[in-house]
Amino acid sequence: MAGHSKWANIQHRKGRQDEKRGAAFSKLAKEITVAAKMGGGDPGFNPRLRLAVDKAKGVNMPKDKIDNAIKKGTGELEGVSYEEIRYEGYGIGGSAVMVDCLTDNKTRTVADVRHAFSKYGGNMGTDGCVAFQFKHCGQLLFAPGTSEDALMEAALEAGAEDVQTNDDGSIEVITGPWEFTSVKEALEKAGFTAEFGEVTMKPENVIELAGDEAARMQKLLDALEGLDDVQEVYTSAEFAE
């Protein structure tokens, strides 16, 4: 996929995430706790925990908060037990939406998510209705002007799955979800620092929205992302420049 507005869309999303940095601490703590509970408290042997800790460090989450979240997961500190749930549905213009949640009250969470969909013009669907439209992967975005040949050679040597050049000149390196950190570190050693990187659910195809449709879709995404139990929101919608 080579969307002409890829660079602008990624930068826009990163900016909105940075704005919500404070609220992110509690959501990151939940993810760290669940990751530690499932795979142990050592990030070196728990790829999901390593990703969560790296993400927390990226928004300057205090070390003691990270450590406490790990201890809650391993049982060293008392904590809440969270359940992982994914909801799927449709946004504006038929765009696909997936909502990943961690909750201690499933009844509350499903009601909140359904309300956000209906209030802002979306429709909550059934399990599996849009999941097939996304790929679980790591995504690293490099600025226009980056040497494509050199980056491709370094990325494939580091274990990346694919390298894609977008119409706007930006370059995406796609990795397996658990290989994301090792590929990112290898590329940095080779002199390539990504402008943006994350493990995500990447849409196989995008639906571009503009004007009123884009504004309405952004309101829906903001409403979903603002829910306490929501960890991540993924969509096939892209916004025209």
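Helices (H or I, at least four residues) and strands (E, at least two) are DSSP runs, numbered from the N terminus. This is a predicted model, in which local features need pLDDT of at least 70 and side-chain atom pairs count only at pLDDT 80 or more, while totals for chains, interfaces and linings use all residues. Residues are numbered from 1 along each chain as its sequence is written, and side-chain values use heavy atoms, with hydrogens and water left out.

**Stop 1: a pocket**

Select Ser 26, Ala 29, Lys 30, Lys 72 and Tyr 82. Of the 16 residues that line the second largest pocket, these lie nearest its centre. A pocket here is an open set of points on a 1 Å grid over the protein atoms alone, where a 1.4 Å probe fits, with protein on both sides within 12 Å along at least five of seven lines; lining residues have an atom within 4 Å of a point. The space in this pocket is about 250 Å³, the volume being what is filled by probe spheres set on the points.

Now colour α2 (21-39) and α4 (63-74), each of which supplies at least two residues of the lining. Which helix gives the largest share of the lining? That is α2, with six residues. By type, the lining has six nonpolar, five polar and five charged residues. In this count Ala, Val, Leu, Ile, Met, Phe, Trp, Tyr, Cys and Pro are nonpolar, Asp, Glu, Lys and Arg are charged, and the others, Gly among them, are polar.

**Stop 2: the sheet with β1**

Show residues 83-90 and 96-103, which are strands β1 and β2; they pair in the antiparallel sense over eight bridges. Two strands pair if DSSP finds at least two bridges between them. Tyr 87 has Val 99 in β2 as its bridge partner. Five residues lie between the strands of this hairpin, where Gly 93 takes a positive phi near 70°.

Widen the view to the open sheet of four strands, in the order β3-β1-β2-β9 with antiparallel pairing. β3 and β9 (230-235) are at the edges with a single partner strand each, so one side of each has no neighbour in the sheet. Towards β9, Cys 101 has Val 230 as its bridge partner.

Angles run from 0 to 180 degrees between N-to-C directions, with axes fitted to C-alpha atoms, for helices over the stretch in contact; contact means heavy atoms within 4.5 Å.

**Stop 3: the sheet with β4**

Move to another open sheet of four strands, ordered β5-β6-β4-β7 and paired antiparallel. Its edges are β5 (162-165) and β7 (196-203), each with a single partner strand, so one side of each is left without a neighbour in the sheet. From one strand to the next, the twist averages 30°. Select Gly 138 and Thr 175: the latter, in β6, is the bridge partner of the former.

Helix α6 (residues 148-158) lies across β4, β5 and β6, at about 10° to β6. Helix α7 (residues 180-189) also packs on the sheet, touching β4, β6 and β7, and its direction makes about 15° with that of β4.

**Stop 4: a salt bridge**

Finish with the side chains of Arg 50 and Glu 185, which meet in a salt bridge at 2.8 Å, N to O. Arg 50 is in helix α3 (residues 47-58) and Glu 185 in helix α7, so the pair links parts of the chain 135 residues apart. A salt bridge is a side-chain nitrogen of Lys or Arg within 4 Å of a carboxyl oxygen of Asp or Glu; by this rule the count comes to 13.
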